[in-house]
Amino acid sequence: MLRKLLVANRGEIAVRVIRAARDLGIATVAVHSDADRDSLHVQIAGEAVHIGPPAAKKSYLNVASILKAATDTGCDSVHPGYGFLAENAGFADACAAAGLVFVGPSGDAIRTMGDKVAARSAAHAAGVPVVPGSLGRVAGIDAARHVLIDTGFPVMIKAAAGGGGRGIRIANDLAGFEAAFPQAAAEALAAFGDGGLYMEKVIARARHIEVQVLGDGRDAVHCFERECSLQRRRQKVWEEAPSRALPGRVRDELCSSAVRLARAVGYSGAGTVEYLFDDESSRFYFIEMNTRIQVEHPVTEMITGIDLVAEMLRIAGGEPLRLRQSDIAVRGHAIEVRLNAEDPSRDFAPFPGTVTALRVPGGPGVRFDSMLYAGYTVPPFYDSLLAKLVVHAETREAAITRLVRALSETRIEGLRTTKPLFLALAGDPAVQANAVHTRWLEGWLETHAARLVPEPEP
Amino acid sequence: MAQIHSPLPGTFYRASAPDKPPFKADGDAVAVGDVIGLIEVMKSFHEVKSEVAGTNIRFETDNEEPVMAGAVLAQVD
């Protein structure tokens, strides 16, 4: 078992990890920038170390400062949370070199899954369906023309070294393709120092469905799926588990394919295998594997009763997986919404500031993961997530009713938040019927966003 | 003499990217509506446009420095 853990993160996930560690009797060390001296994660950790100025690259991304804080305080382990250094293979290697246990997979597993082409090849080799396209990098435009037989149009031309939506071009016909391919190669070389390209069919209307896995480096299990089709600018805003859209047989195939991939790469810790799911064909396609705990992990915890962060810590401490696949079952339905410091009526403009008053929702089936407290000033330097409101009920319908109840109890005064968005979505017939896809929310916002103003307080 | 203030709290940048030249060099003239920098607030970027015209801009806030809303970013004659 781990003895003393440094949490290399901030905000709600630092709070979440510190809580899990303390529940297991592991001592905790928080790190913080100048802007986070008064943060909740600093207050609830056993110790706290200042690691630099507000800019993330000088504090939460500063590997040398973080490793020094860990060794100076006698830690034996580091949990990276999500974002910041969570999927930085060099950081995982640096922890290992400093004699610290990195709570997550090996640097090599992070590297394989972080390289889009290598991840796609690993998935294909493990028998996981991938989006039709090139199996790896395409050698040149002649080879690329052959790939078009499998993809048809429209087709995406992607930089092998790209990511996060960068370095992607879409061609709608052969003439467009002939023009775009050499441009994409030149751009990729200029932007990433690597002109390598690969190709994927454009799946126009699909759901985002992802499978939670846990591995110990030898074996792996899944904790079923989450559906995260409600997205804005590729950012998830509402996540639920299980997915109502999956037929049972497809769920079995999807979840076992994720386990095959995790086993194939010797995965250790918590990870998520992400897929696109096409309702019409009932087919699913691998997109990528995230080698970290994800923001939306609590919906899985609510339906399975498993504390995923605690399992990560046990595995990192050297314990084998405690759960067999037959131990893991789904009970009921869970929904998470991300309460962000953003004004949805003004194109989601960020809204940092001071929380003047706070009323947290509660009662049966309600969980509120947050770093907020009354009087806390939300700094402008980091992301806008304030709280994750998670509800659990016997059915999806009951979960939506409970979500509305919990949202109406929630008051975060002094800031604008995305709460009005979720009240409106919960009342929308398409959301209630789960008749959505990954581009649905952006279309809906074009006609509904202006009305998403805070309701008058009674 | 006039001041250009930050409209938002966040991190101030003088150029659109680390490898790009600054929007304005010290000593440049400024017209109303000229972009003099960016403010990053919660991972989103907002242009800072001058509401004043003048000559000889002098920056009071360094590149990548944290600022509060209303902070003086630069002065012009």
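# Notebook: a predicted model, chains A and B

**Entry 1. Domains.** I started with the layout of chain A. Chain A is divided into domain 1 (4–103), domain 2 (132–201) and domain 3 (207–451). I kept in mind that this is a predicted model. Next I looked up how far apart two of the domains sit. The C-alpha centres of domain 1 of chain A and domain 2 of chain A are 39 Å apart.

**Entry 2. Where the chains touch.** How many residues does the contact take from chain A and from chain B? I found 10 residues from chain A and nine residues from chain B. I then sorted the chain A side by class. The side of chain A that touches chain B has eight nonpolar residues, one polar and one charged.

**Entry 3. Helices α4 and α5 of chain A.** I turned to helix packing. Two packed helices are described by the angle between their axes and the distance between the axes. Helix α4 of chain A covers residues 89–97, and helix α5 of chain A covers residues 107–114. Their axes lie 8 Å apart, at an angle of about 175°. Angles over 145 degrees count as roughly antiparallel. I therefore noted α4(A) and α5(A) as roughly antiparallel to each other. Which residues meet here? From α4(A) I listed Ala89(A), Ala92(A) and Asp93(A). They meet Gly107(A), Ile110(A), Arg111(A) and Gly114(A) in α5(A). By class, the contact of α4(A) with α5(A) holds three nonpolar, two polar and two charged residues.

**Entry 4. Helices α12 and α13 of chain A.** I looked up a second pair. Helix α12 (residues 396–409) of chain A packs with helix α13 (residues 419–426) of chain A at an angle of about 150°. The axes of α12(A) and α13(A) are 10 Å apart. That angle makes α12(A) roughly antiparallel to α13(A). Is the crossing of α12(A) and α13(A) left-handed or right-handed? I recorded the crossing of α12(A) and α13(A) as left-handed. On the α12(A) side I found Ile400(A), Leu403(A), Val404(A) and Leu407(A). On the α13(A) side they meet Lys419(A), Phe422(A), Leu423(A) and Ala426(A). The contact of α12(A) with α13(A) divides into seven nonpolar residues, no polar ones and one charged.

**Entry 5. A sheet in chain B.** I moved to the strands. Strand β1 (residues 2–5) of chain B is joined to strand β7 (residues 72–76) of chain B by four bridges, and the two run antiparallel. In this pair, Gln3(B) stands opposite Gln75(B) in β7(B). Strand β5 (residues 58–59) of chain B also joins β7(B), through two bridges, again antiparallel. Here I noted two residues of the chain. Arg58(B) stands opposite Gln75(B) in β7(B). Phe59(B) has Ala74(B) in β7(B) as its bridge partner. Put together, three strands of chain B form an open sheet in the order β1-β7-β5. Why is one side of β1 and of β5 of chain B left without a neighbour in the sheet? Both strands stand at the edges with a single partner strand each, so one side of each has no neighbour there.

**Entry 6. Backbone checks in chain A.** I ended with the backbone. A cis peptide bond joins Phe153(A) and Pro154(A), with omega about -5°. Pro154(A) is in the loop between α7 (141–151) and β6 (155–163) of chain A. The peptide bond from Ala241(A) to Pro242(A) is also cis, with omega near -5°. I placed Pro242(A) in the loop between β11 (235–241) and α9 (248–264) of chain A. Last, I checked Ser282(A). Its phi is positive, about 60°, although Ser282(A) is not a glycine. Ser282(A) is in the loop between β12 (268–278) and β13 (283–290) of chain A.

Technical notes:
Residues numbered from 1 in each chain as written. Chains lettered and ligands numbered in written order. Predicted model: local features only at pLDDT ≥ 70, side-chain atom pairs only at ≥ 80, totals over all residues. Domains from an automatic or database assignment. Contact = placed C-beta atoms within 7 Å. Nonpolar A, V, L, I, M, F, W, Y, C, P; charged D, E, K, R; others polar. Axes fitted to C-alpha atoms, helices over the stretch in contact; angles between N-to-C directions. Parallel < 35°, antiparallel > 145°, perpendicular 65-115°, else oblique. Left-handed = near helix turned anticlockwise from the far one by under 90°. Pairing = 2+ DSSP bridges.
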